[in-house]
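Hi,

Here is the structure I promised to pass on. Have a look at it first, and then read on for what turned up.

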Amino acid sequence: IEADGAVLTGGTPLSDAVVFAQWGAARRLVERGAAMTLWQGAALGEVEMLVGLLERTAYAQADLDNACWHACRAGRLACVEVLAARGADLDWLGYEGLTTRDAGLESGDAALVAWLGSPP
């Protein structure tokens with residue numbers, strides 16, 4: 001469950017599940033004991049885990065931006081709010097040619113789309 005070799009990140013199977021937006025598979029891996037990184041937890045809406053990691057560890061700007069991009073893509077408003085409050089850049093150009101904001105707007109989550117339309 002923790003074997004390296006993910007297609008795009010070289011990480012674990014959870015990395016592939018999140019990168020390819022396979023939310024059911026990602027949840028199943030977590031249920032079976034897969035360890036989550038900051039960005040994976042953000043994408044899965046794990047607010048308490050996210051807050052705990054942020055309180056215990058000083059993350060680089062790139063890590064905050066990456067986590068926020070994944071949270072936006074997955075439509076996880078609560079995680080986006082936490083990361084934005086910590087300085088994540090909503091206009092960071094992430095993956096698929098999308099900024100964090102664009103990824104959130106494309107998520108289709110009405111609450112996130114509304115929040116992104118207002119200043120954080």
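Before the first result, one cut-off: a salt bridge here is a side-chain nitrogen of Lys or Arg within 4 Å of a carboxyl oxygen of Asp or Glu. With that in hand, a search of the whole structure turns up two salt bridges. Do keep in mind throughout that this is a predicted model.

One of the two joins the side chains of Arg 27 and Glu 46, with N to O at 2.7 Å. Arg 27 sits in helix α2 (residues 23–31) and Glu 46 in the loop between α3 (38–43) and α4, so this pair ties together parts that are 19 residues apart in sequence. Are its two ends buried, exposed or in between? Arg 27 has a relative accessibility of 27% and therefore counts as partly exposed. Glu 46, at 24%, counts as partly exposed too.

Asp 91 and Arg 101 form a salt bridge as well, and their closest N and O atoms are 3.1 Å apart. Here Asp 91 belongs to the loop between α6 and α7 (100–107) while Arg 101 is in helix α7, so the pair ties together parts ten residues apart in sequence. Asp 91 comes out at 49% relative accessibility, so it counts as partly exposed. Arg 101 comes out at 23%, and so it also counts as partly exposed.

Now to the helix packing, starting with α4.

Helix α4 (residues 47–56) packs on helix α6 (residues 77–85) at an angle of about 15°, and the axes are 10 Å apart. The two are therefore roughly parallel, and α4 passes α6 in a right-handed crossing. On the α4 side the contact uses Val 47, Leu 50, Val 51 and Leu 54, which meet Ala 78, Cys 79, Val 82 and Leu 83 of α6. By class, that contact has eight nonpolar residues, no polar ones and no charged ones.

Which residues of α4 are buried? They are Met 49, Leu 50, Gly 52, Leu 53 and Leu 54, and these buried residues pack against α3, α5 (61–73) and α6. Take Met 49 from that set: leaving aside residues up to four places away in sequence, Met 49 touches Met 36, Thr 37 and Gly 41. Met 49 and Met 36 are 13 residues apart in sequence, with their C-alpha atoms 8.9 Å apart in space.

α6 has another partner in α5. The axes of α5 and α6 come within 8 Å and cross at roughly 160°, so these two helices are roughly antiparallel. Their crossing is left-handed. Leu 64, Ala 67, Cys 68, Ala 71 and Cys 72 of α5 meet Cys 79, Val 80 and Leu 83 of α6. This contact, too, has eight nonpolar residues and no polar or charged ones.

As for what is buried in α6, the residues are Leu 77, Cys 79, Val 80, Val 82, Leu 83 and Ala 84. Their cover includes α3, α4, α5 and α8 (110–116).

The remaining helix pair is α5 with α7. They pack at an angle of about 15°, with axes 7 Å apart, and that makes α5 roughly parallel to α7. α5 passes α7 in a left-handed crossing. From α5 the contact takes Asp 65, Cys 68, Trp 69, Cys 72 and Arg 73, and from α7 Thr 100, Ala 103, Gly 104 and Ser 107. The classes in this contact are four nonpolar, three polar and two charged.

Thr 100 deserves a click of its own. Thr 100 is in helix α7 and has 0% relative accessibility, so it counts as buried. What does Thr 100 touch, not counting residues up to four places away in sequence? Its contacts are Asp 65, Cys 68, Trp 69, Cys 72, Asp 89, Leu 90 and Trp 92.

Over to you, and cheers!

Key: Residues are numbered from 1 along each chain as its sequence is written. This is a predicted model: local features need pLDDT of at least 70, side-chain atom pairs count only at pLDDT 80 or more; totals for chains, interfaces and linings use all residues. Side-chain values use heavy atoms; hydrogens and water are left out. Axes are lines fitted to C-alpha atoms, for helices over the stretch in contact, and angles run from 0 to 180 degrees between N-to-C directions. Helices (H or I, at least four residues) and strands (E, at least two) are DSSP runs, numbered from the N terminus. Angles under 35 degrees count as roughly parallel, over 145 as roughly antiparallel, 65 to 115 as roughly perpendicular and the rest as oblique. A crossing is left-handed if the near helix is turned anticlockwise from the far one by less than a right angle, and right-handed if clockwise. Contact means heavy atoms within 4.5 Å. Ala, Val, Leu, Ile, Met, Phe, Trp, Tyr, Cys and Pro count as nonpolar, Asp, Glu, Lys and Arg as charged, and the others, Gly among them, as polar. Buried means under 20% relative accessible area, exposed over 50%, partly exposed in between (1.4 Å probe, protein chains only).
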